[in-house]
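Hello,

Here is the structure I promised to pass on. Please have a look at it first, then read my notes below.

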Amino acid sequence: MPKRSEEMLMDLWMSLLLVWITCVPCVSVTPIIGQSKSTQTGGSAVVASGLGEGQRLLSRAKRGWVWNQMFVLEEFSGPDPILVGRLHTDLDVGNKNIKYVLAGEGAGTIFAINELTGDIHAMKRLDREEKAEYTLTAQVVNADTDEPLEPPSEFIIKVQDINDNPPQFIEGPYRASVPEMSAVGTPVTRVTATDADDPVYGNSAKLVYSILEGQPYFSVDPNSATIKIALHGMDREMREEYLVVIQAKDMGGHMGGLSGTTTVTVTLTDINDNPPKFSKSLYEFVIPEDLPIEKMGGKVKANDRDIGENAKSTYSIIEGDEQGMFIITTDSQTQEGILRLKKPLDYESKRAYTLKVEATNIRSEPNSGVPFKDTATVKIVVEDSDEPPVFSKPMYLLEVDENASINTVIGTVNARDPDSTGSLVRYFIDRHTDLERQFNINVDNGKITLAKPLDRETDMWHNITVTATEVRNHSQISRAIVAIRVMDINDNAPEFATEYEAFLCENGKPGQVIQTVSAVDKDDPIQGHYFDYRLVPEMLNNPNFTIKNNQDNSISVLAKHDTFRRQKQEMYFLPIIVTDNGNPPMSSTNTLTIRVCGCSKDGIVQSCNVEAYVLPIGLSMGALIAILACIILLLVIVVLFVTLRRHKNEPLIIKDDEDVRENIIRYDDEGGGEEDTEAFDIATLQNPDGINGYLPRKDIKPDLQFMPRSMILVECNLDSVVECLAVFWVLVIRCDCQ
């Protein structure tokens with residue numbers, strides 16, 4: 001009963017509102033001169049005329065549209081079109097012939113309007129997620145003339161949302177990792193779901209998260225979707241991977257809501273929570289005493305349940321290796337400890353070793369900073385082997401003078417058998433290192449003697465290999481390098497460093513240095529070289545040259561006068577004696593060749609030949625080159641001048657294309673008729689001095705005299721040089737004449 005009363009009261013208020021809208025118009029009068037104007041202000045304008053000439057009375061009534069926004073429910077699929085709303089205006093009073101017109105988004109296709117009543121219907125099924133609202137325009141026009149009765153008005157039809165889209169995890173499935181042994185509540189990862197429904201209308205897009213699978217290890221925050229650790233002490237070595245299923249439900253998680261799920265694969269990452277552990281506490285190895293240095297003698301292994309860097313360990317010997325005989329390293333691939341020899345073993349000295357080996361994690365124990373460790377005992381037994389002889393030195397250095405006599409003892413090598421049996425040793429020279437057999441060795445005592453004379457200047461060093469072999473076992477052989485240095489004696493005389501050839505200028509000054517001379521000596525004295533230079537006795541009073549010591553094992557040769565001439569003497573020979581400071585001293589005579597040359601004012605040598613000196617008219621080579629260049633330049637100028645003149649027209653009396661010749665024939669009646677006929681060339685008569693004003697020359701070919709200038713050059717290339725010069729002369733004459 002109360003509900004019915006409320007409905008009646010609502011109907012009464014609506015009726016009063018409609019009466020007020022239709023019965024209380026607002027009218028205003030505005031004079032308009034020359035024109036009428038309708039303004040859209042939310043009401044319809046009615047124009048009244050007849051007040052006077054040129055004036056109108058404008059009456060505006062408030063528009064009677066009764067909508068603000070219209071709504072239509074999405075996904076409606078009834079048998080009939082759904083009514084969206086109704087348009088109504090003050091002009092629709094029953095006696096007016098009007099109709100409603102709809103335009104805008106979806107007008108005529110999605111939305112249709114009843115032209116008479118203004119009812120708007122949705123003709124198709126709408127989806128808010130595809131388009132949430134439509135903007136349309138309504139207008140009232142005359143039904144007969146389609147003239148608008150008022151300006152168009154714009155309105156919006158909104159599509160109301162329904163919960164028709166489930167939550168979706170766009171980025172799923174997820175993978176995450178978290179360190180093992182993490183505390184409860186440690187965040188693992190966060191997932192995100194989206195809902196295409198309207199987030200501001202109702203609870204269609206309000207999501208709540210829950211965990212469907214993965215308990216009791218993990219939990220999820222219902223609002224933020226953050227996955228967290230829910231169980232204490234999760235050990236990777238027990239289980240490494242977990243599968244978690246997360247659900248997102250809309251409508252705030254209430255009944256009737258839609259839901260979506262995703263999976264999260266959680267992997268526990270390793271931490272260093274396990275110590276290394278040797279597979280056994282005692283290792284035993286038997287190593288032969290002849291095992292080479294750096295070779296492997298055994299392996300140990302400490303296992304670690306961790307992985308990666310947390311499982312890596314380093315090995316060390318902490319006890320039992322006071323002599324430093326062994327070293328242990330880590331194999332990066334297998335994480336094994338490799339025991340190697342650092343020094344050679346000797347069965348006769350020590351036959352067993354007991355070592356304590358420790359394996360230590362590279363990374364420290366969590367929360368303590370102390371690395372995990374484990375130890376094991378390694379027992380090594382040395383096995384006796386038949387060893388080869390051992391030389392007292394790995395390399396011997398011996399010296400011998402280059403003038404030593406045959407069978408001179410150079411030195412001695414010594415080797416012994418390290419075995420307890422002590423076998424005898426025999427010595428030999430490896431002849432592959434002494435191909436010329438310059439040395440011998442005593443097989444019993446190892447004394448090395450000289451077999452052939454030595455020359456230091458040929459070979460300063462001799463490297464031979466000596467072998468020591470056990471008498472009891474010939475397969476046991478050792479080798480040693482013996483380096484023999486040949487000591488120097490003064491047995492070579494000094495000589496010039498090179499074959500000098502000095503040049504002397506004719507216009508040189510007295511005391512001028514002609515050449516600096518140095519010497520070399522194949523010997524190599526300990527105190528170094530010192531050379532003494534002097535002229536041969538018969539040249540001590542040489543009137544032309546002298547020498548000066550430069551105090552650096554070299555001398556300078558100087559000229560005594562400036563009257564040297566090539567015509568008088570072209571070459572001089574100066575013998576010089578060079579003596580070293582050896583014991584006994586050695587000397588040699590070397591001859592310096594000196595050439596007399598013609599030089600420039602600056603002292604630069606230009607020519608050393610006598611023939612070049614007697615050039616015609618006393619001209620130098622530079623002057624001849626300059627004269628030749630001038631001649632070539634003149635010839636080029638002449639050729640260019642002729643080429644330019646060739647392009648000008650020649651003023652010939654008779655042109656080539658008008659070569660007309662006339663003959664005057666004289667008849668002698670008393671004569672013999674045609675036998676007395678004489679012919680004359682009219683052109684010759686017109687130009688008795690020859691073509692172009694000059695007479696033919698007998699020293700030039702006739703065909704060249706009357707040839708066009710463009711052809712003369714071609715002919716010149718084919719004839720002799722004399723004829724070419726004649727052609728140039730003719731050209732010059734012709735140019736002057738024209």
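**Aromatic rings and strands**

Phe 391 counts as buried, because its relative accessibility is 11% and the cut-off for buried is under 20%. Keep in mind that this is a predicted model.

Tyr 396 also counts as buried, at 5% relative accessibility. The rings of Phe 391 and Tyr 396 form a pair. Their centres are 6.4 Å apart and their planes stand at 75°, so the pair is edge-to-face. Angles over 60 degrees get that label.

How many aromatic pairs does a search of the whole structure find? The search gives 12.

Another of these pairs joins Tyr 217 and Tyr 242. The ring centres lie 4.9 Å apart with the planes at 50°, so this pair is tilted. It links distant parts of the chain, as the two residues are 25 residues apart. Tyr 217 sits in the loop between strand 13 and strand 14 (218-220). Tyr 242 belongs to strand 16.

Tyr 217 counts as partly exposed, at 26%. Ring pairs also bring in Phe 218, giving a cluster of Tyr 217, Phe 218 and Tyr 242.

Tyr 217 has a charged neighbour too. Arg 239 lies over the face of the Tyr 217 ring, at 5.5 Å from the ring centre. Elsewhere, Lys 131 lies over the face of Tyr 134, at 5.4 Å from the ring centre.

Strand 13 pairs with strand 16 (residues 241-249) in the antiparallel sense, over 5 bridges. Within that pairing, Ile 211 has Ile 246 as its bridge partner.

**Strand 32 and its partners**

Strand 32 (residues 447-450) pairs antiparallel with strand 28 (residues 409-412), over 3 bridges. Lys 447 in strand 32 is the bridge partner of Thr 412.

Strand 31 (residues 439-441) also runs antiparallel to strand 32, joined by 3 bridges. Here Ile 441 is partnered by Ile 448. Strand 31 and strand 32 form a hairpin with 5 residues between the strands. In that hairpin, Gly 446 takes a positive phi near 80°.

Best wishes

How values were computed
Residues are numbered from 1 along each chain as its sequence is written. This is a predicted model: local features need pLDDT of at least 70, side-chain atom pairs count only at pLDDT 80 or more; totals for chains, interfaces and linings use all residues. Side-chain values use heavy atoms; hydrogens and water are left out. Two strands pair if DSSP finds at least two bridges between them. Helices (H or I, at least four residues) and strands (E, at least two) are DSSP runs, numbered from the N terminus. Rings of Phe, Tyr and Trp (its six-membered ring) pair if their centres lie within 6.5 Å; planes under 30 degrees apart count as stacked, over 60 as edge-to-face and the rest as tilted. Buried means under 20% relative accessible area, exposed over 50%, partly exposed in between (1.4 Å probe, protein chains only). A charge sits over a ring if NZ of Lys or CZ of Arg is within 6 Å of the ring centre and within 35 degrees of the ring normal.
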